[in-house]
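Subject: Structure for you to look at

Hello,

Here is the structure I said I would pass on. Please open it first, then read the notes below it.

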Amino acid sequence: MAIDSGFTGKDFERLAFNINPGGWAVETERPIATLLGSCVAVCLYDPKLRMGGMNHFLLPSKRAGAGDDTDVVLAGDYAMEVLVNAMLAKGAHKDRLVAKAFGGGNIVSSIRMAIGDRNAEFATEWLAREGIPLTASDFGGPWSRKVLCVPNTGEAFCRRSPVNQAIAEVVKAEADYEQSLAAPKVKRVELF
Amino acid sequence: MDKCDILKTLAAEAGRRDLNFQTHAAVTMRVRRALDDPEVPVATVAKLIQAEPVLAARVVAVANSVAFSSAGRAIVDVRSAVSRLGFRNVRSLATAFLVRQMNAGAKAGPLQQQMATQLWEHTSHVTALAHVLARRVTHVDAEVALFAGIVHEIGGFYLLSRAVDYPGLLEDDPAGWNEEDVLALQGELDRAVLRALAVPEPVMAAMEAFWQGFLAMPPRTLGDTLLLAEDLAPVASPFHPVNDAHPKEAADAATGAAASIEMILGADTLSAILKESAEEVNSLAGALQL
């Protein structure tokens, strides 16, 4: 399904731009990159248009009971809809889309509700429900991952990295933010 | 000296072709050199191999492994084993043996021995997987993949062989092997040792891709073959330890159970191919570990 460009992952890394948690992009030329801990990134590709996109989400879905101001772009259900809609808006057809998905590492703590596993499960189930074939995936394990999506060929590259000091700091920030989203909001009474 | 200084020193030594091998590796080096001549008679090669009983046993065992014995006839002599395997594979096995011998003569402490054993187990699994993946998935030359698997962490073996000269190197902060600068220097040492051993350019190119670490999904090159074999290997390298702050993940990762990698490959899937090839992989890995 993907076209072999003959370039290496390193070549594409030099050309790529990065998306952060909650980010997404649809491109026809420039490679898209992201760094994952327990988050998941899904790459979508329309082979007819030679157009691809990628998202990066932190949680499977927006939590019930969380405040309305929860950062919904970080939730998988929102992130997947936004990405598919962006692809469709640029002319893609849903029945042509194929997916590759990465991430869901469990690298901060085994008792943190295995958020990586839940993200991976969510992505797999969501794609199956929507009838989008998942042609490649690399999920789980105690690694961070750098993912590159090449939009005009459908190629995807994944580099697993052991968790060193620098990566641990990024992952901890990601985990802290996720925990902050889960914390109940305090209702304040405003007096006029 | 810290890890970085030691790795720099060893890489510089190797860069001057100043590899400090143990003396009994000389026999194996003679075998490798003899095999550089494509016209050398099989009988001569067999005679040289027989001078090193463990290498001779390994050559026969690999010739009888499922990966090479589809006809099923058991081989019991070195000459027939060399004929079945071909010179390129015998040369790879001689290199594998040389790699192990790098460690054998040193006054190895228990930790060094343990790391050497783990590194060899890791290497044999990566080698066996690379051989099968080359034939079934990436369709690159399986013999070259076998050789690349054998040498893919050669710097680690060299480091272990020299650890006795740097007390505390192995004991000091195992997680430190994962730091970015240390990983880069491990690559430098691998590169220097491979060049000192005159490893062919296609394998060097694959190793460059391996060090960069980006696995194309689906995989297509020799470098991808090595990366995928590394990801699938059930035993981790002691020089790429898993985050030991989380014992469950570490244990899972060490047995290959921590992550799942899957892809559609034509009419098949990676997991189906691996299931079908399990006996072949285990047989070859086992023969290499004799």
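Which residues in α2(A) are buried? Keep in mind that this is a predicted model. The buried residues of α2(A) are Gly76(A), Ala79(A), Met80(A), Leu83(A), Val84(A) and Met87(A). They sit on the same side of α2(A), because they cover an arc of only 120° around the axis. An α-helix has 3.6 residues a turn, so residues three or four places apart point the same way.

The helix α2 of chain A runs over residues 76-89, which makes 14 residues. From its first C-alpha to its last, α2 of chain A reaches 20 Å, close to the 20 Å expected at 1.5 Å a residue. Just after α2(A) comes Gly91(A), with a positive phi of about 105°.

One residue of β4 is worth a look. Asp46(A) lies in that strand of chain A. Is Asp46(A) buried or exposed? Asp46(A) has 24 other C-beta atoms within 10 Å, so it counts as buried. Leaving out residues up to four places away in sequence, Asp46(A) touches Met51(A), Met87(A), Ala92(A), His93(A), Arg96(A) and Leu97(A). Met87(A) is also one of the buried residues of α2(A). Between Asp46(A) and Thr124(A) there are 78 residues in sequence and 18 Å in space, C-alpha to C-alpha.

Next, some backbone angles. Most residues other than glycine have a negative phi, and most peptide bonds are trans. Arg50(A) has a positive phi, near 50°. Its place is the loop between β4 and β5 of chain A. Arg50(A) counts as partly exposed because it has 14 C-beta neighbours inside 10 Å.

In chain B, His139(B) also has a positive phi, near 55°. His139(B) is found in the loop between α7 (110-138) and α8 (142-151) of chain B. With 11 other C-beta atoms within 10 Å, His139(B) is exposed.

Which two residues does a cis peptide bond join? They are Met217(B) and Pro218(B), and omega there is about 5°. Pro218(B) is in the loop between β1 (215-216) and α12 (222-232) of chain B.

Regards

How values were computed
Residues are numbered from 1 along each chain as its sequence is written. Chains are lettered from A and ligands numbered from 1 in the order in which they are written. This is a predicted model: local features need pLDDT of at least 70, side-chain atom pairs count only at pLDDT 80 or more; totals for chains, interfaces and linings use all residues. Helices (H or I, at least four residues) and strands (E, at least two) are DSSP runs, numbered from the N terminus. The expected span of a helix is 1.5 Å times one less than its number of residues. A residue is buried if 20 or more other C-beta atoms lie within 10 Å of its own, exposed if 12 or fewer, and partly exposed in between; C-beta atoms are placed from the backbone. The arc is that of the directions from the helix axis to the C-beta atoms. Two residues are in contact if their C-beta atoms, placed from the backbone, lie within 7 Å.
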